[in-house]
Amino acid sequence: EHNEVFYPITYYVSEIGYSFTIYNRNGIEIFTTNNPSKGWDGYFQGNPVQNGNYVYHLQFINGVGELTEKRDIVTLIR
């Protein structure tokens, strides 16, 4: 009913060069994928994580063949 899965909205992005990773506040990687259609459901090792801020890192090859990177914060609220 709400945004149950967080994933970047990417159009025409290939799996080649694609990476989407979530880190907790301690810098520990809690989610990663190379599949543009897969997102993070707020779980780590089968358990829901606490509400709070998480850092995401996204990289992909753009339409002109250049590596594009974005780092930002997502806030998880249940």
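Which residues touch the most other members of the largest nonpolar core? They are Tyr18, Phe20, Ile22, Ile30, Trp40, Val49 and Tyr54, in a core of 14 residues. A nonpolar core is a set of buried Ala, Val, Leu, Ile, Met, Phe, Trp, Tyr and Cys residues joined through side-chain atoms within 4.5 Å. Buried means under 20% relative accessible area, exposed over 50%, and partly exposed in between (1.4 Å probe, protein chains only). Strands β1, β2, β5 and β6 each supply at least two residues of this core. The most comes from β5, which gives four residues.

The model is predicted: local features need pLDDT of at least 70, side-chain atom pairs count only at pLDDT 80 or more, and totals for chains, interfaces and linings use all residues. Residues are numbered from 1 along each chain as its sequence is written, and side-chain values use heavy atoms, with hydrogens and water left out. The pLDDT is the predictor's confidence in each residue, from 0 to 100. It averages 91 for the protein, and 99% of the residues score at least 70.

Four strands form an open sheet in the order β2-β1-β5-β6, with antiparallel pairing. The edges are held by β2 and β6; each has a single partner strand, so one side of each is left without a neighbour in the sheet. Neighbouring strands are turned by 15° against each other on average, direction ignored. Axes here are lines fitted to C-alpha atoms, for helices over the stretch in contact, and angles run from 0 to 180 degrees between N-to-C directions. Strands (E, at least two residues) and helices (H or I, at least four) are DSSP runs, numbered from the N terminus. Two strands pair if DSSP finds at least two bridges between them.

The pairings can be taken in turn. Strand β5 (residues 52–61) is joined to β6 by 10 bridges. Here leucine 58 stands opposite lysine 70 in β6. Five bridges link β1 and β5 in the antiparallel sense, and serine 19 stands opposite glutamine 59 in β5. Four bridges link β1 and β2, also antiparallel. In β2, phenylalanine 31 is the bridge partner of isoleucine 22. The hairpin of β1 and β2 has five residues between the strands, and its glycine 27 takes a positive phi near 85°.

Strand β1 is mostly covered, with four of its five residues buried. Contact means heavy atoms within 4.5 Å. Leaving out residues up to four places away in sequence, phenylalanine 20 touches residues including Phe6, Thr33, Trp40 and Leu58. Phenylalanine 6 lies in the segment before β1 (19–23). With a relative accessible area of 26%, phenylalanine 6 is partly exposed. Its contacts beyond four places in sequence are Phe20, Ile22, Gly39, Trp40, Tyr56 and Val74.

Threonine 33 belongs to strand β2 (residues 29–33). It is buried, because its relative accessible area is 7%. Its side chain reaches the backbone nitrogen of asparagine 35 at 3.0 Å. Beyond four places in sequence, threonine 33 is in contact with Tyr18, Ser19, Phe20 and Lys38.

Glutamine 45 sits in the loop between β3 (43–44) and β4 (47–48). This residue is exposed, because its relative accessible area is 67%. Phi of glutamine 45 is near 55°, a positive value in a residue other than glycine.

Conventions. A polar contact is a pair of N or O atoms within 3.5 Å; within protein, one must be able to donate a hydrogen and the other to accept it, and residues adjacent in sequence count only if both atoms are side-chain atoms.
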